[in-house]
Amino acid sequence: MQGATSSRLALSPGTVPSLVSALQHAAELPPQAESALVRAIGLGVSAVPEAGGARAAAQAAVLAQLTRPLLSTLAAAGAALSAHTLAHAQQQAGAPSPASQPPQLPPPLVLPVGGTSALRSQLRHLELLLSSCVADLELGGGDDSEGGGAWDRAAFASLSDTLLRDAWPALSALLTRGRMAGPFLAPLSRALVVAMRADAARVEPCLPSLCEALVCALLAPGGHPAGDALSAALDVFGSGGSPHCVTLLQQVVSHVLSDPRASGLSAGGAADAQPELAEALMRMLAAYARSVLPHACATDPGGAAAAVGAALRAAAACTCSHHRGVAAAALSVTEHVAGAASRAARGASGAATAAGAAAGVAPGGAAPTGAAAADVLARSVLSCGGVVASGVIGGLLSTFPLSRLHKAASVLAELGWLAGGSAAGQALAAGGQYGGAPAGQAPTLQLLAGWLGGGTAMWPQLAEPERQSIAGAWPAAVLEAAAGLSLRDVREQGLSSRKLKKLLRVFADAHARDT
(Lines give C-alpha, C1' and ligand atoms only; values in the text may rest on other atoms or scores of the structure.)
Protein backbone atom coordinates (compact mmCIF):
# COMPACT_ATOMS: atom_id res chain seq x y z
CA MET A 1 0.00 0.00 0.00
CA GLN A 2 2.83 2.38 0.76
CA GLY A 3 4.31 1.66 -2.66
CA ALA A 4 0.99 2.48 -4.27
CA THR A 5 0.84 5.86 -2.59
CA SER A 6 4.45 6.91 -2.99
CA SER A 7 4.13 8.04 -6.59
CA ARG A 8 1.34 9.54 -8.60
CA LEU A 9 2.57 7.53 -11.63
CA ALA A 10 1.68 4.27 -9.87
CA LEU A 11 -2.03 5.16 -9.85
CA SER A 12 -4.65 5.76 -12.48
CA PRO A 13 -8.32 6.77 -12.35
CA GLY A 14 -9.26 3.17 -13.00
CA THR A 15 -7.87 2.06 -9.63
CA VAL A 16 -10.15 4.38 -7.64
CA PRO A 17 -13.31 2.19 -7.51
CA SER A 18 -11.38 -0.78 -6.13
CA LEU A 19 -9.67 1.42 -3.55
CA VAL A 20 -13.00 2.91 -2.44
CA SER A 21 -14.46 -0.60 -2.14
CA ALA A 22 -11.45 -1.76 -0.13
CA LEU A 23 -11.83 1.15 2.29
CA GLN A 24 -15.56 0.66 2.78
CA HIS A 25 -15.79 -3.12 2.94
CA ALA A 26 -12.55 -4.31 4.49
CA ALA A 27 -12.64 -5.49 8.07
CA GLU A 28 -10.89 -3.48 10.77
CA LEU A 29 -7.77 -2.00 9.18
CA PRO A 30 -4.75 -0.56 10.97
CA PRO A 31 -4.86 3.25 11.05
CA GLN A 32 -1.85 3.52 8.73
CA ALA A 33 -3.53 1.30 6.15
CA GLU A 34 -6.71 3.38 6.26
CA SER A 35 -4.72 6.59 5.84
CA ALA A 36 -2.81 5.07 2.93
CA LEU A 37 -6.05 4.07 1.21
CA VAL A 38 -7.50 7.57 1.56
CA ARG A 39 -4.28 9.05 0.22
CA ALA A 40 -4.27 6.61 -2.72
CA ILE A 41 -7.89 7.46 -3.57
CA GLY A 42 -7.01 11.14 -3.66
CA LEU A 43 -4.02 10.54 -5.89
CA GLY A 44 -6.13 8.43 -8.23
CA VAL A 45 -8.73 11.17 -8.53
CA SER A 46 -6.05 13.80 -9.13
CA ALA A 47 -4.84 11.75 -12.11
CA VAL A 48 -8.10 12.46 -13.94
CA PRO A 49 -7.57 15.14 -16.64
CA GLU A 50 -8.90 18.59 -15.74
CA ALA A 51 -10.36 19.20 -19.20
CA GLY A 52 -14.07 19.93 -19.23
CA GLY A 53 -14.33 19.69 -15.45
CA ALA A 54 -13.75 15.94 -15.53
CA ARG A 55 -11.54 15.92 -12.46
CA ALA A 56 -13.97 18.01 -10.40
CA ALA A 57 -16.84 15.72 -11.39
CA ALA A 58 -14.83 12.60 -10.56
CA GLN A 59 -13.83 14.04 -7.19
CA ALA A 60 -17.43 14.94 -6.32
CA ALA A 61 -18.62 11.47 -7.31
CA VAL A 62 -15.96 9.71 -5.23
CA LEU A 63 -16.65 11.86 -2.17
CA ALA A 64 -20.39 11.20 -2.49
CA GLN A 65 -19.70 7.48 -2.71
CA LEU A 66 -17.44 7.60 0.35
CA THR A 67 -19.85 9.58 2.54
CA ARG A 68 -23.15 7.98 1.43
CA PRO A 69 -22.88 5.04 3.89
CA LEU A 70 -22.51 7.45 6.82
CA LEU A 71 -25.66 9.33 5.87
CA SER A 72 -27.54 6.03 5.43
CA THR A 73 -26.42 4.83 8.85
CA LEU A 74 -27.49 8.11 10.42
CA ALA A 75 -30.89 7.91 8.74
CA ALA A 76 -31.40 4.44 10.21
CA ALA A 77 -30.18 5.65 13.61
CA GLY A 78 -32.61 8.57 13.43
CA ALA A 79 -35.49 6.19 12.80
CA ALA A 80 -34.36 4.04 15.72
CA LEU A 81 -34.21 7.14 17.94
CA SER A 82 -37.76 8.15 17.00
CA ALA A 83 -39.05 4.68 17.81
CA HIS A 84 -37.07 4.65 21.06
CA THR A 85 -38.47 8.03 22.12
CA LEU A 86 -42.03 7.04 21.21
CA ALA A 87 -41.80 3.75 23.13
CA HIS A 88 -40.54 5.57 26.22
CA ALA A 89 -43.33 8.17 26.00
CA GLN A 90 -45.96 5.44 25.75
CA GLN A 91 -44.43 3.61 28.70
CA GLN A 92 -44.47 6.79 30.79
CA ALA A 93 -48.08 7.49 29.85
CA GLY A 94 -49.14 4.05 31.01
CA ALA A 95 -47.32 4.28 34.34
CA PRO A 96 -48.76 7.13 36.46
CA SER A 97 -46.33 8.84 38.80
CA PRO A 98 -46.72 11.56 41.46
CA ALA A 99 -47.19 15.02 39.99
CA SER A 100 -44.22 16.30 41.97
CA GLN A 101 -41.85 13.82 40.35
CA PRO A 102 -40.12 15.18 37.21
CA PRO A 103 -40.55 13.16 34.02
CA GLN A 104 -37.94 10.46 33.60
CA LEU A 105 -35.51 10.66 30.72
CA PRO A 106 -35.44 7.74 28.31
CA PRO A 107 -32.51 5.36 28.70
CA PRO A 108 -29.59 5.86 26.30
CA LEU A 109 -30.28 4.66 22.78
CA VAL A 110 -28.62 1.40 21.78
CA LEU A 111 -28.33 0.89 18.03
CA PRO A 112 -28.96 -2.52 16.43
CA VAL A 113 -26.07 -4.98 16.21
CA GLY A 114 -23.32 -3.54 14.07
CA GLY A 115 -24.83 -0.07 13.98
CA THR A 116 -22.40 1.54 16.41
CA SER A 117 -19.32 -0.07 14.86
CA ALA A 118 -20.48 0.99 11.38
CA LEU A 119 -20.98 4.54 12.62
CA ARG A 120 -17.51 4.58 14.15
CA SER A 121 -15.90 3.26 10.98
CA GLN A 122 -17.73 5.70 8.70
CA LEU A 123 -16.91 8.67 10.91
CA ARG A 124 -13.31 7.52 10.91
CA HIS A 125 -13.32 7.63 7.09
CA LEU A 126 -14.77 11.16 7.16
CA GLU A 127 -12.10 12.21 9.65
CA LEU A 128 -9.33 10.78 7.45
CA LEU A 129 -10.72 12.50 4.37
CA LEU A 130 -10.89 15.87 6.13
CA SER A 131 -7.37 15.46 7.51
CA SER A 132 -6.04 14.47 4.10
CA CYS A 133 -7.71 17.51 2.50
CA VAL A 134 -6.22 19.87 5.06
CA ALA A 135 -2.77 18.34 4.65
CA ASP A 136 -2.99 18.67 0.87
CA LEU A 137 -4.19 22.27 1.05
CA GLU A 138 -1.25 23.09 3.30
CA LEU A 139 1.02 21.57 0.65
CA GLY A 140 -0.69 23.58 -2.10
CA GLY A 141 -3.40 21.19 -3.22
CA GLY A 142 -4.10 20.87 -6.89
CA ASP A 143 -0.54 21.22 -8.22
CA ASP A 144 0.93 18.56 -10.45
CA SER A 145 4.34 18.30 -8.81
CA GLU A 146 5.53 15.07 -7.31
CA GLY A 147 4.24 14.82 -3.75
CA GLY A 148 1.82 17.71 -4.24
CA GLY A 149 -1.69 17.79 -2.86
CA ALA A 150 -4.23 15.27 -4.11
CA TRP A 151 -7.42 16.88 -2.77
CA ASP A 152 -8.41 20.50 -3.45
CA ARG A 153 -10.41 23.18 -1.62
CA ALA A 154 -13.66 22.03 -3.21
CA ALA A 155 -13.16 18.62 -1.62
CA PHE A 156 -12.71 20.17 1.81
CA ALA A 157 -15.82 22.32 1.35
CA SER A 158 -17.84 19.28 0.30
CA LEU A 159 -16.69 17.20 3.26
CA SER A 160 -17.29 20.06 5.68
CA ASP A 161 -20.84 20.40 4.36
CA THR A 162 -21.34 16.67 4.76
CA LEU A 163 -20.27 16.86 8.39
CA LEU A 164 -21.93 20.11 9.44
CA ARG A 165 -24.99 20.35 7.19
CA ASP A 166 -25.93 16.77 6.34
CA ALA A 167 -24.66 14.61 9.21
CA TRP A 168 -24.61 16.92 12.21
CA PRO A 169 -28.39 17.29 12.79
CA ALA A 170 -28.72 13.53 13.17
CA LEU A 171 -25.52 13.24 15.21
CA SER A 172 -26.66 16.03 17.51
CA ALA A 173 -29.98 14.26 18.11
CA LEU A 174 -28.17 11.02 18.96
CA LEU A 175 -25.97 12.79 21.50
CA THR A 176 -28.69 14.91 23.12
CA ARG A 177 -32.03 13.10 22.84
CA GLY A 178 -30.47 9.66 22.42
CA ARG A 179 -27.82 10.28 25.12
CA MET A 180 -25.42 8.11 23.16
CA ALA A 181 -21.70 7.87 23.75
CA GLY A 182 -19.04 5.36 22.92
CA PRO A 183 -16.20 4.61 20.50
CA PHE A 184 -17.77 6.55 17.61
CA LEU A 185 -17.20 9.77 19.58
CA ALA A 186 -13.42 9.63 19.05
CA PRO A 187 -13.44 9.96 15.23
CA LEU A 188 -16.36 12.40 15.40
CA SER A 189 -14.46 14.61 17.83
CA ARG A 190 -11.30 14.48 15.73
CA ALA A 191 -13.25 15.35 12.56
CA LEU A 192 -14.78 18.36 14.30
CA VAL A 193 -11.34 19.47 15.52
CA VAL A 194 -9.98 19.34 11.96
CA ALA A 195 -12.95 21.31 10.63
CA MET A 196 -12.73 23.96 13.36
CA ARG A 197 -9.02 24.52 13.03
CA ALA A 198 -9.08 24.60 9.23
CA ASP A 199 -12.12 26.87 8.68
CA ALA A 200 -13.59 28.32 11.86
CA ALA A 201 -15.95 30.64 9.96
CA ARG A 202 -17.69 27.65 8.38
CA VAL A 203 -18.17 25.98 11.77
CA GLU A 204 -19.17 29.02 13.84
CA PRO A 205 -22.90 29.02 12.87
CA CYS A 206 -23.12 25.50 14.33
CA LEU A 207 -21.24 26.39 17.52
CA PRO A 208 -24.26 26.50 19.90
CA SER A 209 -25.52 23.13 18.69
CA LEU A 210 -22.00 21.66 18.79
CA CYS A 211 -21.45 22.79 22.37
CA GLU A 212 -24.80 21.50 23.59
CA ALA A 213 -24.33 18.06 22.07
CA LEU A 214 -20.67 17.71 23.04
CA VAL A 215 -21.39 18.64 26.66
CA CYS A 216 -24.13 16.00 26.79
CA ALA A 217 -21.69 13.47 25.40
CA LEU A 218 -18.81 14.46 27.69
CA LEU A 219 -20.91 13.97 30.81
CA ALA A 220 -22.29 10.61 29.68
CA PRO A 221 -20.54 7.33 30.53
CA GLY A 222 -17.82 6.74 27.93
CA GLY A 223 -18.15 10.27 26.57
CA HIS A 224 -14.67 11.55 27.37
CA PRO A 225 -13.55 11.78 23.68
CA ALA A 226 -15.95 14.70 23.28
CA GLY A 227 -13.57 16.71 25.46
CA ASP A 228 -11.11 17.05 22.57
CA ALA A 229 -13.66 18.83 20.38
CA LEU A 230 -14.81 21.03 23.26
CA SER A 231 -11.20 21.99 24.02
CA ALA A 232 -10.64 22.89 20.38
CA ALA A 233 -13.82 25.00 20.35
CA LEU A 234 -12.63 26.90 23.42
CA ASP A 235 -9.25 27.57 21.81
CA VAL A 236 -10.49 28.40 18.31
CA PHE A 237 -13.54 30.49 19.12
CA GLY A 238 -12.46 31.90 22.49
CA SER A 239 -9.06 33.26 21.49
CA GLY A 240 -10.58 35.79 19.08
CA GLY A 241 -12.46 37.52 21.88
CA SER A 242 -15.79 37.70 20.00
CA PRO A 243 -18.33 38.72 22.70
CA HIS A 244 -20.93 36.30 21.33
CA CYS A 245 -18.52 33.34 21.35
CA VAL A 246 -16.98 34.24 24.71
CA THR A 247 -20.41 34.50 26.34
CA LEU A 248 -21.50 31.16 24.91
CA LEU A 249 -18.28 29.37 25.88
CA GLN A 250 -18.35 30.83 29.39
CA GLN A 251 -21.87 29.43 29.79
CA VAL A 252 -20.67 26.05 28.53
CA VAL A 253 -17.81 25.88 31.04
CA SER A 254 -20.02 27.07 33.90
CA HIS A 255 -22.59 24.40 33.04
CA VAL A 256 -19.98 21.64 32.94
CA LEU A 257 -18.42 22.72 36.25
CA SER A 258 -21.82 22.77 37.95
CA ASP A 259 -22.66 19.22 36.90
CA PRO A 260 -22.24 16.71 39.77
CA ARG A 261 -20.08 14.43 37.61
CA ALA A 262 -17.59 17.25 37.12
CA SER A 263 -17.84 18.98 40.48
CA GLY A 264 -17.40 15.60 42.16
CA LEU A 265 -13.81 15.53 40.92
CA SER A 266 -12.97 18.09 43.59
CA ALA A 267 -13.10 15.29 46.14
CA GLY A 268 -9.78 13.62 46.91
CA GLY A 269 -9.26 10.39 44.97
CA ALA A 270 -12.26 10.95 42.68
CA ALA A 271 -10.03 11.40 39.64
CA ASP A 272 -8.61 7.91 40.02
CA ALA A 273 -12.13 6.47 39.98
CA GLN A 274 -12.88 8.04 36.57
CA PRO A 275 -9.54 9.04 35.06
CA GLU A 276 -10.73 9.42 31.47
CA LEU A 277 -13.39 11.98 32.40
CA ALA A 278 -10.95 13.73 34.74
CA GLU A 279 -8.28 14.11 32.06
CA ALA A 280 -10.79 15.27 29.44
CA LEU A 281 -12.21 17.84 31.85
CA MET A 282 -8.75 19.09 32.85
CA ARG A 283 -7.74 19.54 29.21
CA MET A 284 -10.96 21.43 28.56
CA LEU A 285 -10.38 23.72 31.54
CA ALA A 286 -6.81 24.38 30.42
CA ALA A 287 -8.15 25.51 27.03
CA TYR A 288 -10.71 27.69 28.80
CA ALA A 289 -8.05 29.37 30.95
CA ARG A 290 -5.75 29.77 27.96
CA SER A 291 -8.21 31.28 25.48
CA VAL A 292 -11.55 32.29 27.02
CA LEU A 293 -10.90 33.36 30.60
CA PRO A 294 -9.06 36.65 29.90
CA HIS A 295 -11.99 37.83 27.75
CA ALA A 296 -14.71 36.40 30.01
CA CYS A 297 -13.48 38.51 32.94
CA ALA A 298 -14.64 41.55 30.97
CA THR A 299 -17.92 40.18 29.58
CA ASP A 300 -19.07 38.10 32.57
CA PRO A 301 -16.88 38.81 35.62
CA GLY A 302 -19.16 36.94 38.03
CA GLY A 303 -19.28 33.82 35.92
CA ALA A 304 -15.54 33.94 35.27
CA ALA A 305 -14.72 34.32 38.98
CA ALA A 306 -16.95 31.37 39.90
CA ALA A 307 -15.42 29.25 37.13
CA VAL A 308 -11.88 30.08 38.28
CA GLY A 309 -12.64 28.89 41.80
CA ALA A 310 -14.33 25.69 40.65
CA ALA A 311 -11.58 24.95 38.11
CA LEU A 312 -8.76 25.48 40.61
CA ARG A 313 -10.45 23.27 43.23
CA ALA A 314 -10.99 20.45 40.76
CA ALA A 315 -7.44 20.78 39.42
CA ALA A 316 -5.92 20.76 42.91
CA ALA A 317 -7.71 17.51 43.76
CA CYS A 318 -6.65 15.91 40.46
CA THR A 319 -2.95 16.81 40.60
CA CYS A 320 -2.10 13.89 42.89
CA SER A 321 -3.83 11.32 40.67
CA HIS A 322 -2.05 8.02 40.11
CA HIS A 323 -2.72 8.53 36.40
CA ARG A 324 0.10 10.53 34.90
CA GLY A 325 -2.03 12.18 32.21
CA VAL A 326 -4.59 13.38 34.74
CA ALA A 327 -1.94 14.84 37.05
CA ALA A 328 -0.15 16.63 34.21
CA ALA A 329 -3.36 18.05 32.76
CA ALA A 330 -4.54 19.21 36.19
CA LEU A 331 -1.33 21.13 36.87
CA SER A 332 -1.66 22.68 33.40
CA VAL A 333 -5.04 24.08 34.43
CA THR A 334 -3.49 25.75 37.47
CA GLU A 335 -0.58 27.02 35.39
CA HIS A 336 -2.82 28.57 32.73
CA VAL A 337 -5.17 30.18 35.24
CA ALA A 338 -2.35 31.65 37.35
CA GLY A 339 -0.43 32.69 34.24
CA ALA A 340 -3.47 34.42 32.71
CA ALA A 341 -4.06 36.36 35.93
CA SER A 342 -0.41 37.33 36.30
CA ARG A 343 -0.03 38.44 32.67
CA ALA A 344 -3.25 40.46 32.83
CA ALA A 345 -2.17 42.13 36.07
CA ARG A 346 1.30 42.94 34.69
CA GLY A 347 -0.26 44.34 31.53
CA ALA A 348 -2.69 46.48 33.50
CA SER A 349 0.11 47.68 35.79
CA GLY A 350 2.28 48.62 32.82
CA ALA A 351 -0.60 50.37 31.08
CA ALA A 352 -1.41 52.33 34.23
CA THR A 353 2.20 53.44 34.62
CA ALA A 354 2.47 54.46 30.96
CA ALA A 355 -0.88 56.27 31.01
CA GLY A 356 0.01 58.05 34.24
CA ALA A 357 3.39 59.15 32.90
CA ALA A 358 1.82 60.49 29.72
CA ALA A 359 -0.83 62.41 31.66
CA GLY A 360 1.41 63.45 34.55
CA VAL A 361 -0.49 61.23 37.01
CA ALA A 362 1.29 59.36 39.78
CA PRO A 363 1.01 55.54 39.89
CA GLY A 364 -2.14 54.42 41.65
CA GLY A 365 -4.38 56.92 39.84
CA ALA A 366 -7.28 56.12 37.53
CA ALA A 367 -7.29 52.54 36.20
CA PRO A 368 -6.84 52.12 32.41
CA THR A 369 -9.23 50.21 30.17
CA GLY A 370 -8.92 46.50 30.87
CA ALA A 371 -7.65 47.00 34.41
CA ALA A 372 -11.04 46.08 35.86
CA ALA A 373 -11.01 42.71 34.08
CA ALA A 374 -7.42 42.10 35.19
CA ASP A 375 -8.41 42.91 38.77
CA VAL A 376 -11.33 40.45 38.64
CA LEU A 377 -9.00 37.71 37.44
CA ALA A 378 -6.28 38.52 39.99
CA ARG A 379 -8.73 38.60 42.88
CA SER A 380 -10.28 35.30 41.75
CA VAL A 381 -6.90 33.56 41.80
CA LEU A 382 -5.74 35.20 45.03
CA SER A 383 -8.92 34.13 46.79
CA CYS A 384 -7.84 30.56 45.98
CA GLY A 385 -4.17 30.99 46.90
CA GLY A 386 -4.21 28.04 49.29
CA VAL A 387 -5.94 25.89 46.66
CA VAL A 388 -3.28 26.79 44.09
CA ALA A 389 -0.54 25.91 46.57
CA SER A 390 -2.16 22.57 47.40
CA GLY A 391 -2.39 21.78 43.69
CA VAL A 392 1.31 22.42 43.16
CA ILE A 393 2.21 20.27 46.17
CA GLY A 394 -0.12 17.53 44.95
CA GLY A 395 1.53 17.57 41.54
CA LEU A 396 4.90 16.93 43.17
CA LEU A 397 3.40 14.09 45.22
CA SER A 398 2.04 12.36 42.11
CA THR A 399 3.79 9.83 39.90
CA PHE A 400 6.84 11.03 37.91
CA PRO A 401 6.95 14.39 39.74
CA LEU A 402 10.20 15.59 38.18
CA SER A 403 8.45 15.93 34.81
CA ARG A 404 6.30 18.64 36.38
CA LEU A 405 9.03 20.47 38.27
CA HIS A 406 9.33 23.39 35.85
CA LYS A 407 5.55 23.81 35.65
CA ALA A 408 5.21 23.75 39.44
CA ALA A 409 7.87 26.45 39.80
CA SER A 410 6.15 28.53 37.14
CA VAL A 411 2.80 28.37 38.95
CA LEU A 412 4.30 29.41 42.26
CA ALA A 413 6.23 32.26 40.61
CA GLU A 414 3.02 33.57 39.00
CA LEU A 415 1.21 33.29 42.34
CA GLY A 416 4.07 35.10 44.05
CA TRP A 417 3.93 37.94 41.55
CA LEU A 418 0.17 38.30 42.05
CA ALA A 419 0.65 38.39 45.81
CA GLY A 420 3.45 40.94 45.75
CA GLY A 421 3.15 42.82 42.47
CA SER A 422 -0.53 43.25 41.67
CA ALA A 423 -2.73 45.90 43.25
CA ALA A 424 -5.13 43.18 44.40
CA GLY A 425 -2.31 41.24 46.04
CA GLN A 426 -0.94 44.32 47.79
CA ALA A 427 -4.39 45.14 49.10
CA LEU A 428 -4.80 41.60 50.39
CA ALA A 429 -1.38 41.58 52.07
CA ALA A 430 -1.99 45.02 53.58
CA GLY A 431 -5.36 44.03 54.98
CA GLY A 432 -7.63 45.40 52.29
CA GLN A 433 -6.21 48.89 51.67
CA TYR A 434 -6.66 48.74 47.93
CA GLY A 435 -4.78 51.21 45.78
CA GLY A 436 -2.25 52.23 48.43
CA ALA A 437 1.51 51.99 48.40
CA PRO A 438 3.16 48.58 47.87
CA ALA A 439 2.70 46.43 50.93
CA GLY A 440 6.36 45.41 51.13
CA GLN A 441 7.82 41.94 51.34
CA ALA A 442 7.00 41.08 54.95
CA PRO A 443 3.19 40.99 54.56
CA THR A 444 3.53 39.25 51.20
CA LEU A 445 5.83 36.60 52.68
CA GLN A 446 3.31 36.07 55.46
CA LEU A 447 0.52 35.73 52.89
CA LEU A 448 2.48 33.16 50.88
CA ALA A 449 3.41 31.26 54.04
CA GLY A 450 -0.25 31.02 54.97
CA TRP A 451 -1.19 29.69 51.54
CA LEU A 452 1.66 27.18 51.41
CA GLY A 453 1.03 26.02 54.95
CA GLY A 454 -2.68 25.67 54.25
CA GLY A 455 -1.90 23.91 50.96
CA THR A 456 -0.21 21.08 52.83
CA ALA A 457 -3.39 20.32 54.79
CA MET A 458 -4.90 18.48 51.83
CA TRP A 459 -2.09 15.92 51.83
CA PRO A 460 -2.03 13.82 55.04
CA GLN A 461 1.15 12.01 53.99
CA LEU A 462 3.19 15.10 54.87
CA ALA A 463 4.74 15.12 58.34
CA GLU A 464 4.47 18.19 60.52
CA PRO A 465 8.18 19.16 60.25
CA GLU A 466 7.86 19.10 56.47
CA ARG A 467 4.74 21.26 56.57
CA GLN A 468 6.60 23.81 58.67
CA SER A 469 9.57 23.70 56.29
CA ILE A 470 7.34 24.41 53.29
CA ALA A 471 5.66 27.35 55.01
CA GLY A 472 9.00 28.66 56.28
CA ALA A 473 11.49 28.15 53.45
CA TRP A 474 9.45 28.32 50.26
CA PRO A 475 7.91 31.85 50.40
CA ALA A 476 11.21 33.72 50.01
CA ALA A 477 12.20 31.50 47.06
CA VAL A 478 8.77 32.06 45.50
CA LEU A 479 9.16 35.84 45.73
CA GLU A 480 12.64 35.64 44.23
CA ALA A 481 11.29 33.63 41.28
CA ALA A 482 8.37 36.07 40.94
CA ALA A 483 10.77 38.98 40.65
CA GLY A 484 12.33 37.27 37.65
CA LEU A 485 9.09 37.46 35.70
CA SER A 486 9.78 41.15 35.09
CA LEU A 487 13.20 40.42 33.60
CA ARG A 488 13.62 40.31 29.85
CA ASP A 489 16.72 38.14 29.79
CA VAL A 490 15.76 34.47 29.76
CA ARG A 491 18.97 33.44 31.50
CA GLU A 492 18.34 35.87 34.34
CA GLN A 493 14.77 34.61 34.66
CA GLY A 494 16.14 31.08 35.04
CA LEU A 495 18.62 32.17 37.67
CA SER A 496 15.91 33.88 39.69
CA SER A 497 13.94 30.62 39.96
CA ARG A 498 16.94 28.38 40.65
CA LYS A 499 16.49 28.38 44.43
CA LEU A 500 12.78 27.56 44.17
CA LYS A 501 13.37 24.72 41.72
CA LYS A 502 16.00 23.25 44.03
CA LEU A 503 13.55 23.25 46.95
CA LEU A 504 10.86 21.65 44.78
CA ARG A 505 13.28 19.02 43.49
CA VAL A 506 14.34 18.04 47.02
CA PHE A 507 10.69 17.77 48.01
CA ALA A 508 9.78 15.73 44.91
CA ASP A 509 12.74 13.37 45.36
CA ALA A 510 11.70 12.70 48.94
CA HIS A 511 8.24 11.60 47.81
CA ALA A 512 9.02 10.05 44.42
CA ARG A 513 6.81 7.09 43.53
CA ASP A 514 7.33 6.04 39.93
CA THR A 515 4.77 3.27 39.86
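Leaving aside neighbours within four places in sequence, Ser231 is in contact with Arg283, Met284 and Ala287. Contact here means heavy atoms within 4.5 Å. This is a predicted model, where local features need pLDDT of at least 70, side-chain atom pairs count only at pLDDT 80 or more, and totals for chains, interfaces and linings use all residues. Residues are numbered from 1 along each chain as its sequence is written, and side-chain values use heavy atoms, with hydrogens and water left out.

**The whole chain**

- The chain holds 24 helices and 0 strands. Both are DSSP runs, numbered from the N terminus: helices are H or I with at least four residues, strands are E with at least two.
- Of the 515 residues, 47% count as buried. Buried means under 20% relative accessible area, exposed means over 50%, and partly exposed lies in between (1.4 Å probe, protein chains only).
- Take the contacts with a separation of 6 or more: residues 24 or more positions apart account for 74% of them.

**The nonpolar core**

- The largest nonpolar core has 153 residues, and Leu192 and Met282 touch the most other members. Helix H14 (residues 275-299) gives the most to this core, with 15 residues.
- Such a core is a set of buried Ala, Val, Leu, Ile, Met, Phe, Trp, Tyr and Cys residues joined through side-chain atoms within 4.5 Å.
- In soluble globular proteins, nonpolar side chains tend to be buried together.
- Beyond its neighbours within four places in sequence, Leu192 is in contact with Leu163, Leu164, Trp168, Leu210, Leu214 and Ala229.

- Ser231 belongs to helix H10 (residues 226-238). Its relative accessible area is 10%, so Ser231 is buried.
- Ser291 lies in helix H14. Its relative accessibility is 7%, so Ser291 counts as buried too.
- The side chains of Ser291 and Asp235 are joined by a polar contact of 2.6 Å. A polar contact is a pair of N or O atoms within 3.5 Å; within protein, one must be able to donate a hydrogen and the other to accept it, and residues adjacent in sequence count only if both atoms are side-chain atoms.
- Setting aside neighbours within four places in sequence, Ser291 is in contact with Leu234, Asp235, Gly238 and Ser239.

**Rings and charges**

- The structure has 1 aromatic pair. The ring centres of Trp474 and Phe507 are 5.6 Å apart and the planes are at 90°, so the pair is edge-to-face.
- This pair links distant parts of the chain: Trp474 is in helix H22 (residues 464-483) and Phe507 in helix H24 (residues 498-510), 33 residues apart.
- Rings of Phe, Tyr and Trp (its six-membered ring) pair if their centres lie within 6.5 Å; planes under 30 degrees apart count as stacked, over 60 as edge-to-face and the rest as tilted.
- Trp474 is buried at 3% relative accessible area, and Phe507 is buried at 4%.
- Arg324 lies over the face of Phe400, 4.2 Å from the ring centre. The charged end of Arg346 sits over the ring of Trp417, 5.6 Å from its centre. The rule: NZ of Lys or CZ of Arg is within 6 Å of the ring centre and within 35 degrees of the ring normal.

- Arg39 is in helix H3 (residues 31-46). It is partly exposed, at 21% relative accessible area.
- The C-alpha atoms of Arg39 and Leu129 are separated by 8.4 Å, though these residues are 90 apart along the chain.
- In helix H19 (residues 405-421), 13 of the 17 residues are buried.
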